[in-house]
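Please keep the sequence and the structure in view while reading.

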Amino acid sequence: MDGGFDWSFFVEVLTGGLLSGVMYSLVAIGFVLIYKTSGVLNFAQGSMVLFAALTFVSLLEKGMPFAVALALTLIAMILLGLAIERAVLRPLVNKAPITLFMATLGLAYVIEGSAQLIWGTQVHGLDLGIEDVPLEFSGVLVSTFDLFAAGVAAVMVIALTLFFRYTRVGLAFRAVADDQFAALAVGLRLPHIWATVWAAAGIVALVAGLLWGARLGVQFSLSLIVLKALPVLVLGGFDSIAGAIVGGLIIGATEKLGEVYIGDYFGGGIESWLAYAVALVFLLIKPSGLFGQKLVERV
Amino acid sequence: MTAVTIESRKPFSLPGWAATAAVLGVAYVGVPLLASNYVLEALLIPFLALSLAALGLNVLTGYAGMVSLGSAAFMAVGAYTAYNVALRLPGTPLPLVLAVAGFAAAAIGLLFGLPSLRLRGFYLAVSTLAAQFFVQWALTKFDWFSNGNSSGVIDTPPLSVFGIGFDGTIGRYLFALTVVTVITFLVHRLVISQTGRNFIAIRDNETAARVIGVPVLRTKLLAFGISSFIIGVAGVLWAFAYLRTVEPAGFNLDRSFQILFIIIIGGLASIRGAFFGAALIVVFPLVLSRLGSFLLGGLFDSGVLDMSQRIVLGALIIIFLIAEPDGLVALWDRFRRRVFPGT
Amino acid sequence: MGVERGAVAFEHWAYPHDLPLEAEADEGVSLPVDHEAIVAAHAISISFGGVKALSDVDLTVRAGQIHAIIGPNGAGKSSLLNVIGGLYQADHGTVSISGRRFRKVPTQRLARLGVARTFQNLALFKGLSVLDNVVTGRVSAARATFVENIIGLGRARREEESARAAALEIIGFLDLAEVKDRVAGTLPYGIQKRVELARALVSKPRLVLLDEPMAGMTATEKQEMAQFVKATRDSFGTTIILIEHDIGVVMGLSDRVAVLDYGRKIADGSPEEVQKDQAVIDAYLGVAHDGESQQEAA
Amino acid sequence: MSFTSKLRSFALATALALSVATPAAWADEQYFPLQSYRVGPYAAGGTGFFGGFIDYLNLVNIRDGGVNGVKLTWDECETQYEVERGVECYERQKTAKNVAAFNPLSLGIQIALLERATADKIPVITIDHGMTATSDGRVFPYFFPLLMNPPSETSAIINYIGQREGGLDKLKGKKVVVLYHGSPYGKETIPIYELLAEKYGFELQQIEVPHPGSDQQSQWLTIRRLKPDYVVLRGWGVMNPVAIKSAQKVGFPVDHLIGNVWSNSEEDVIPAGSAAKGYISLITQPSGTEFPVVQEIIKTLYDKNLGNLEDKKRIGSVYHNLGIVNGILNVEAIRTAQEKFGNRALTGEEVQWGFEHLNLDEAKIAKLGGAGLLQQIHVTCADHEGQGSVKFQQWDGEKWNLVSDWIKPDRELLRPVIEAAAAKYAAEKNITPRTCAE
């Protein structure tokens, strides 16, 4: 360090931050899907990530081929989604959103407990076959794995967008997201759509679980990534996929830049709350989030 | 969250008083005489501390309708403030220590309650997580709070009020019981007053409350302040009367959830609910683990039991929200009415 | 579902002395200076998402009158009431209440201005008993702090007692004594509507805004409610602005009727005048329009 | 089971839970209350360690018929590594008869027990960890951070780095980063590293990773900017594999990443996959199944499906072996105490004497089947640690291979640190330290 500002290091921190932001977005998207259609902030999304990753890796360790394990996990996640709709969502229909939120807290406990009861509490490694050797672009290191994850995220977002735009079910989703009562009036079957969307959130959880699992190892702590996704959601708005992405990028970058450049003034470790602080300050300025819809108060 | 459980509107009617007096009599006389050390130490004292914390959260969540996920942080503020006051200003009378701890927690509560002026529902719930993480970070980070112990762990000084030592197990129990009784009485007074009605008004219909002339912003902050004060005092009990050694990590998000679960299970917007819920949360894991090892023997290890306990607890939350949103209190009242139709 | 968002933007209003009374009005419109008017809305326009809900609507209500606002769905009735009640801010126009003129009526001070209201959809405090709901209607008169409330002596006690007395009086007046200890959320719809009226009346307002007080009621209930409304005016001299669909009830009850259609006022006069008005007849019977499908703006 | 009998057993169980929960205990049974953790973020450590501990106790019961005829019993209480639960377990379990010693495997729980266990006269064993000051037996008669305490660990790591550099004098001007877990445990060694940095003249930077440590990008970017020669990992749980992966991510050579005693298990490296190949960590007891005692456990227990570990692949793993070593030390302490007090079940106070006079030389260890698994240990009234020597091991992607011989910490340098910490505690609590006349 020669006294001058190390720009290439700055760029590296920024890129690293943006890329880990993508990882947050991956989790956040699962929340958005459910929120958009059923108005529930699903705190259990983190447990679903754990459940998916744990199921997949345990099947893999039982000697199943990758594709079979993936397919079985997929089925398991879809069944889980259906079960949740049936056992939790349907009986609570028309309850206040905050009640549903608290129910998902309970749900998180149930899923976490079951996942570990079924598959045990061991720590598993998960190798997706990507050697995480850093790539160097004129002095700036970029993680291969993170690039891969960003690619997966991009593919997923595109797939979701296409799905929403061009399929019948997707159109139904959007109708429900816009106005549940209207959707109900034109004969869309809400329980059916909810079940589908929870299953879809399960699939998103699987993707997030695989990528995060490969990063952290598959274990209990995986369910804690929900805490990383929440500020992203607050920032981006609970109902916007674009918001989840942009929010993730902003949170990721601020977190890393903050920790590296100003963390020292506070003795480090500020990452644990910086994301929340950023999201909060932002919320005070714009209460409905970056892309959230502003609604007219109906009285 | 349209909890409709309302404490009896006739606060001075005889049966209520008689029941309260009976409970207090048992708690003050019967329990110290009969309960074993283990029951006091591992069940009753944590029960009292958790009940008080839940009571505090119930003011905010049950009555005023704002969900907070940061209760443990306010407990921590209370505990660490009390510790520092007792340490740095030796000779401060214990009631004053409690009050200072409560006010410190209230101040932090107000600060993190500010977003409530603009946010609602789970935007607000998520924003209270900021308190959770920030406080825990600050307490671990700055070792001033733990008197230079870099690990953040504190040992609490012995309890004594005006020269009377409350240091034995029974002493600590009686101390906790007294604090809880006094605060519960005050909260009871609060919630049946206009302030309490304002809380519920804001919870049930904020627009209507504003139009009527309820000072919405001030009332919301007041709810945060009072709630955090109580939770802060609960933190002092937790640290001074129960554990006597605490670390910031003990006041983690799980603790916050636990307190929220207590009021969901016990009954939102109900004073008794906090106690019912706390009793269940404290006793239930023990019963389950005893029951498990009794029925299944060594078939399952402690991990499996604990996992099942987690599942059952989560399921209980969901079941209560679906089947009995007013919690154990409503169940109890229904049961009582069936058994003693007269009351 | 999904109405999770931040609170409405901070209220900002101008104080009366900032706004010279006449100068603010649109050019070319000469406003009648009516000293008996307790409420006057001047040239109100408001739109939601590009759809005009009200354009250039005036409304003057005299003290002690029952003034009904009627019109087909989507005509802008509720919007007008919400502008007067301060929940919406008009894009153009001002509202005068008791001689004070506002760009936006301050909701928080509404009660102290002597204005109370009920809501189209029930807005009771469901978790409180009927009595507590009504007592809370007096909150704008309460001065005691929460500490005084906990202690419950002195000022707090006096306030509590007088609020209770006032509440019991109104409860008796509206024939609610039987249900006064019931939790409001558990009562039948019609009774809840009446409790809401009691809550509005307990603060002895000079002006009450009633947003469809008889919606969803049976004919008998409607008659009952109409009588209570009339009795309110007769006993307390309260000015009442009322939105109602049922023309029959309105005509029998009101002193004056304003008719809105497509966000414009097409008639305003005594029930007899309005009934004969050709524009009104067209709006209700003759010239069909798709008013039904147009969403009520509020 | 009929409904009524079910109901009755439920009522009974409820009553049991609420009454003093006392496991059946007869005069010739010595009871080990286990504050284990098999769930939660640190379950991997708990299952391995307590599995090994239980396996050894079981082995002694089955093979030898207990310790001189005294049967060993135990009972698990789940703590999830949380202090409160640990305290609750303690209060519940201490009421049993003939409690030998608590082994919480948690610094937080140990600290919470400092006054309680002293008052109750029950030894608390914290193998390979524990509050620094508790090594001073004069102030903490009932606490035993056996084998290795945090200062010894710190010193041994620096000594190892010195050895790799070709002598401690070569440390001067080297740059060392310590990456520590943001918990009481993680922070315990901060002043000790500072002391050593001053003594040996290396540049030191200590960076905290907030709990749980699942994201360390910024810490590692800072490390990349600092370009240190070594990074010491004082991790726990998920923080470890993430640290290893992040090291690879920023191109830091993993063989210059030195893990401490809680960053040294299979569970720490396996999740990191190939990134962990070459990672080095400290160990007080090598992993592997080749040690006679481990072989006996396999033969006596696992071959008959009596073993405690669910996954037989974990037999001989780092945590499992640590649990076995812990079992050996506990059992030998009881044996030592029995020599003085007679072959019967002992009180906590008597077991404390046994721990304080625990002296295992090479010959004794070999007889116990632990040759190579643990080094000789000699606990005294003043020194409750007993030895402190460690080895270093390297992960080859499949298993750990030892890469050093026993390395000794600089205990003379550290003793004053320990004594000062103990003296401070004694002053705060008004404790008059015992005098250790030997």
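## Overall form of chain A

The model discussed here is predicted. A compact globule of 299 residues would have a radius of gyration near 19 Å, and chain A, with 20 Å, agrees with this. Along its principal axes, the C-alpha trace of chain A spans about 70 × 55 × 35 Å.

Chain A contains 11 helices and 2 strands. Their order along the sequence is α-α-α-α-β-β-α-α-α-α-α-α-α. Of the 299 residues in chain A, 57% are buried. When contacts in chain A between residues at least 6 apart in sequence are considered, 75% of them join residues at least 24 apart.

## An enclosed helix in chain A

How many of the 11 residues of helix 9 of chain A are buried? Helix 9 (residues 226-236) has 11 of its 11 residues buried, so the rest of the structure largely encloses this helix. Among them are V226(A), K228(A), P231(A) and G236(A).

The buried residues of helix 9 of chain A pack against four helices of chain A, namely helix 1 (7-38), helix 2 (45-61), helix 10 (241-262) and helix 11 (271-285), and also against helix 5 (121-141) of chain B. Just after helix 9 of chain A, G237(A) adopts a positive phi of about 95°.

## The largest nonpolar core

The largest nonpolar core has 453 residues, and within this core A49(B) and L237(B) touch the most other members. If neighbours within four places in sequence are left aside, A49(B) is in contact with A176(B), A234(B), L237(B), W238(B), A241(B) and Y242(B).

## The two domains of chain C

Chain C is divided into domain 1 (13-26 + 35-114 + 206-298) and domain 2 (126-204). Where the domains of chain C touch, 11 residues of domain 1 are in contact with 11 residues of domain 2. On the domain 1 side, helix 6 (residues 219-236) of chain C supplies the largest share, 5 residues. By class, that side of domain 1 of chain C has 7 nonpolar, 2 polar and 2 charged residues.

## The contact between chains D and A

Chain D gives 37 residues to its contact with chain A, and chain A gives 34 residues. On the side of chain D, the elements that contribute two or more residues are helix 2 (43-64), strand 6 (203-209), helix 8 (217-226) and helix 9 (239-249) of chain D. The residues on this side of chain D comprise 16 nonpolar, 12 polar and 9 charged.

Note on methods
Residues numbered from 1 in each chain as written. Chains lettered and ligands numbered in written order. Predicted model: local features only at pLDDT ≥ 70, side-chain atom pairs only at ≥ 80, totals over all residues. Core = buried A, V, L, I, M, F, W, Y, C linked by C-beta atoms within 7 Å. Buried ≥ 20, exposed ≤ 12 C-beta atoms within 10 Å, placed from the backbone. Contact = placed C-beta atoms within 7 Å. Nonpolar A, V, L, I, M, F, W, Y, C, P; charged D, E, K, R; others polar. Rg over C-alpha atoms; globule rule 2.2 N^0.38 Å. Domains from an automatic or database assignment.
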